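Morning, everyone. I will go through one model, going from its surface to its contacts. Please have a look at it first.

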Amino acid sequence: MLVEEVTQFMTKREKYFVKVEAQEENLVKEHESREKDEEQAQQQWEKYSTVENNQESILQINNLPRQRIQEKKPRRA
C-alpha cells in the first residue's frame with residue numbers, strides 16, 4: 001500500500017513539474033516575443049524619424065531658392 005501511494009505521489013508530482021515547466025516556457029516565449037516586437041517598433045520609429053528628417057531637409061533646400069528670390073525682389077510701397 002505504501003509503495004502504491006508513493007508511486008502515485010511521485011507520478012502526480014512529475015506531472016505537476018512537467019506542467020509548470022511548460023507554463024514557464026510559454027512565459028519565456030511570450031516575453032521574448034514582446035521584446036522582439038518592441039525592437040521592431042523601435043527600428044520602425046528610427047526609420048520613420050530618419051525619413052521625416054530627410055523630408056524636412058529636402059523641403060528646406062527646396063525653399064531656400066524661393067526665399068532668396070523673394071528677398072531680392074524690391075518691395076512695393
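The accessible surface of the protein chain comes to about 8200 Å², and carbon and sulfur atoms account for 53% of that area. Areas here are from the Shrake-Rupley method with a 1.4 Å probe, and for residues only the protein chains shown count as cover. This is a predicted model, so local features need pLDDT of at least 70 and side-chain atom pairs count only at pLDDT 80 or more, whereas totals for chains, interfaces and linings use all residues. Residues are numbered from 1 along each chain as its sequence is written, and side-chain values use heavy atoms, with hydrogens and water left out.

How much of the protein chain is buried? Of its 77 residues, buried ones make up 1%. Buried means under 20% relative accessible area, exposed means over 50%, and partly exposed is in between, again with a 1.4 Å probe and protein chains only.

On secondary structure, the protein chain has one helix and zero strands. Helix α1 covers residues 2-72.

Next, patches. Leu2, Val6, Phe9 and Met10 make a nonpolar surface patch of about 420 Å². A patch takes residues with over 30% relative accessible area and no salt bridge, joining nonpolar side chains (Val, Leu, Ile, Met, Phe, Trp, Tyr) within 5 Å and like charges within 9 Å. Phe9 belongs to helix α1 and is exposed because its relative accessibility is 52%.

There is also a negative patch, formed by Glu32, Glu35, Asp37, Glu38 and Glu39. Asp and Glu count as negative, Lys and Arg as positive, and His and the chain ends are not counted. A charge is placed at CG of Asp, CD of Glu, NZ of Lys or CZ of Arg. Glu39, in helix α1, has 51% relative accessibility and therefore counts as exposed.

Now the aromatic rings. How many aromatic pairs does a search of the whole structure find? It finds two. Rings of Phe, Tyr and Trp (its six-membered ring) pair if their centres lie within 6.5 Å; planes under 30 degrees apart are stacked, over 60 edge-to-face, and the rest tilted. Tyr16 and Phe17 are a tilted pair, 6.1 Å centre to centre with 55 degrees between the planes. Tyr16 is exposed at 53%, while Phe17 is partly exposed at 43%.

The pair of Trp45 and Tyr48 is tilted because the planes are at 35 degrees, with the ring centres 5.5 Å apart. Both residues lie in helix α1, three residues apart, about one turn of the helix. Trp45 is exposed at 53%, and Tyr48 is partly exposed at 44%.

Last, charge pairing. The whole-structure search gives one salt bridge, defined as a side-chain nitrogen of Lys or Arg within 4 Å of a carboxyl oxygen of Asp or Glu. Which residues form the salt bridge? Glu30 and Arg34 do, with their closest N and O atoms 3.7 Å apart. They are four residues apart in helix α1, so about one helical turn separates them. Glu30 is partly exposed at 42%, and Arg34 is partly exposed at 48%.

Technical notes
Helix = DSSP H or I, 4+ residues; strand = E, 2+ residues; numbered from the N terminus.
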